[in-house]
Amino acid sequence: MGPLIPNGVIPPEWNFVIAILIGIVFGFSLEASGFSSSRKIAGVFYGYDFAVLKVFFTAALVAMIGVYYMDYLELVNVEELFVLPTYTWSAIVGGIFMGFGFVVAGFCPGTTLCAAAIGKIDAMATMVGIFIGIFMFSELYDFIEPLFDSSYLGRITITDSLNISPYWFIFLFAILAVITFYVVDVIRKRVKKVFY
Amino acid sequence: MKELEKTNRISFSAVIIILVVLIGVLSFQKPNNVFKKDKNLTLKPIINRDFLIKIKDLDSARAKQMAFIDVRNGFEYSKGHLKNAKNIYTADLLESENKQYISDLEENEKTIVLYGSNPAEASGAWMLLTQMGYKNIKLLCAKIQYIDNKFSLGEFTIEKPIYDYAAFMKKATSGKTAAKKVIKKKVIKLTKKKKKVAEGGC
Amino acid sequence: MSKTYKVKKVIVKTEYKVLAALLIILAGGLVLLPKYEKNSGIKPEIFLKNVISTERYVTTDLIADKIIKQDPNLLLIDVRKKEDYDSFSLPNAVNIPLAEVLSSDSEAYLNQDAFDVVLFSNDQCYADQAWKLCNRLGYKHLYVLKGGLNEWFSTIINPKEPKVTDSELAFKQYNFRKAAAMYFGVGNATTTTKVKPKKVIKLTKKKKKVAEGGC
């Protein structure tokens with residue numbers, strides 16, 4: 001049956017309507033988790049707040065389990081889902097840049113918009129920065145292109161490259177996630193409490 | 001007290017998740033008919049051309065191991081058919097009794113020979129069964145003809161050109177070369193369609 | 001301190017543990033669920049319907065007309081062997097031998113939305129098989145030239161003259177075929193009467209799919 005739009009269950013015209021609705025819900029959950037505060041995000045790096053890690057880990061886990069149950073019940077075909085293509089080196093370099101910006105600004109691109117929406121000036125400044133970055137990237141594209149296109153690995157997933165059953169991977173991932181939650185809780189208790 | 005009200009929501013949603021999964025799993029029915037993933041399952045015999053049974057093979061020793069299935073409709077079948085042939089119209093192939101019949105034959109290690117009024121008619125049925133993983137399915141390479149209203153098999157060669165096209169065209173165009181219009185070869189640039197996917201990312 | 005309050009308090013204390021256990025149980029359930037074989041490509045039932053339907057066949061007259069009009073949506077694919085293709089083929093045809101129909105290079109031609117692809121071979125047997133191989137993978141916009149090149153030669157290139165008693169339609173068709181044969185380079189045309197162009201079947205194209213996202 002699914003994915004619904006590529007299989008024509010929902011006409012493609014609905015794409016953007018659905019995107020906006022999902023975007024609103026996504027923004028709401030970011031704000032509800034308190035991610036529009038840059039202190040909360042920076043907390044992961046300093047060890048006084050792991051809400052970001054917990055929320056995203058849980059979201060990934062729930063989505064994984066849900067998608068594979070739906071695949072099992074033939075409601076969605078996992079093989080037809082979009083997998084971002086992997087470019088090893090551009091992912092590493094881009095990741096470093098992104099992580100750097102993450103710590104400096106205390107926002108990820110999504111939370112920037114959230115925080116800007118509730119009127120945080122630093123988030124608005126970050127947004128301007130993002131657009132400057134996009135502009136610079138576009139201008140330098142000819143120069144960056146060799147790196148950008150190099151070491152293409154295709155649309156692979158961890159289960160492809162490790163060659164293990166996705167079901168076992170999900171099970172191990174679930175256990176790993178729960179262990180991580182426990183460990184970060186222990187760390188948080190040891191670090192001096194920060195009030196914000 | 002406020003903390004406790006939140007609890008209700010959490011346990012409520014947890015119960016709902018469990019219920020949804022349970023109902024889904026319990027009400028799920030496995031698909032009856034399944035195409036195998038291996039794309040070459042049908043292509044290989046086509047390339048090797050070993051999916052065809054010639055008329056002369058029918059008299060050989062192998063013939064004892066053959067079971068015939070007539071894939072024409074019941075009306076055609078009643079007009080005349082091979083001895084020992086069972087009539088399963090192509091459209092009815094997936095009915096459970098017919099599938100049972102075919103898998104029984106497969107278990108008895110029979111070679112299942114499909115035939116229609118010509119090989120092309122039976123090739124759809126052949127491809128369906130082969131792709132579903134049945135082994136030893138063959139196609140009878142013969143056309144059915146009625147001589148004096150009597151059923152008989154005629155030789156049939158698939159993909160036999162009735163003209164030598166190149167020679168024919170040369171002869172036909174000779175002396176009037178101006179008529180031949182050379183159309184510039186269309187250069188078609190096609191990008192491989194990405195697998196239909198729902199894109200997105202964060 | 002009511003009883004329900006106590007129960008609630010217990011839930012509060014253990015709620016995260018319960019949720020963690022729930023996730024692990026659900027993930028473990030995936031491992032334990034009995035596996036079954038999944039269908040690949042379109043469903044066999046749908047394939048059977050497509051096979052029985054004659055919708056996939058197009059006549060030589062229609063294709064001749066489309067070639068003459070240089071229909072931009074038409075893409076002819078010759079599924080015969082390379083030698084046969086090199087010695088003769090239809091104008092602008094692309095060669096994909098039957099053995100290579102499923103190779104990744106051919107996929108660009110067969111699995112697309114831009115063209116109406118017409119497969120042909122000597123008779124329609126190979127083309128039909130190629131069509132079936134592709135149809136079960138869910139490729140769309142594929143057609144088979146009815147009768148293949150044999151039919152092409154006996155109708156378009158070398159048409160039979162209708163009898164005097166035949167209908168007007170047969171004569172019209174004959175004239176069209178003669179004219180078409182001349183277009184395809186046959187010099188022995190006796191008549192150049194043009195018939196009215198046939199109505200070109202217009203197929204509605206799928207709309208381009210746009211779905212991009214980002215965070």
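Predicted model: local features only at pLDDT ≥ 70, side-chain atom pairs only at ≥ 80, totals over all residues.
Reader: In which helix is the place of Ser90(A)?

Author: The place of Ser90(A) is in helix α4 of chain A, which covers residues 88–105.

Reader: How should I read its exposure: is Ser90(A) buried, partly exposed or exposed?

Author: The general idea is to count C-beta atoms around a residue, where 20 or more within 10 Å means buried and 12 or fewer means exposed. Ser90(A) has 18 C-beta neighbours inside 10 Å, and therefore counts as partly exposed.

Reader: Which residues does Ser90(A) touch, if those up to four places away in sequence are not counted?

Author: With those set aside, Ser90(A) touches Leu147(A), Phe148(A) and Ser150(A). By way of another pair, Ser90(A) and Asp185(A) stand 95 residues apart in sequence, and their C-alpha atoms are 34 Å apart in space.

Reader: What domains does the assignment give for chain A?

Author: The assignment gives domain 1, made of 1–83 + 157–196, and domain 2, made of 85–156. The C-alpha centres of these two domains of chain A lie 20 Å apart, and their contact takes 14 residues from domain 1 and 15 residues from domain 2.

Reader: Which element gives the most to the side of domain 1 of chain A that touches domain 2 of chain A?

Author: On that side, the elements giving two or more residues are α1 (15–32), α2 (38–46) and α8 (158–162) of chain A, and α2(A) gives the most, with five residues. By class, this side of domain 1 of chain A has six nonpolar, five polar and three charged residues.

Note on methods. Residues numbered from 1 in each chain as written. Chains lettered and ligands numbered in written order. Helix = DSSP H or I, 4+ residues; strand = E, 2+ residues; numbered from the N terminus. Contact = placed C-beta atoms within 7 Å. Domains from an automatic or database assignment. Nonpolar A, V, L, I, M, F, W, Y, C, P; charged D, E, K, R; others polar.
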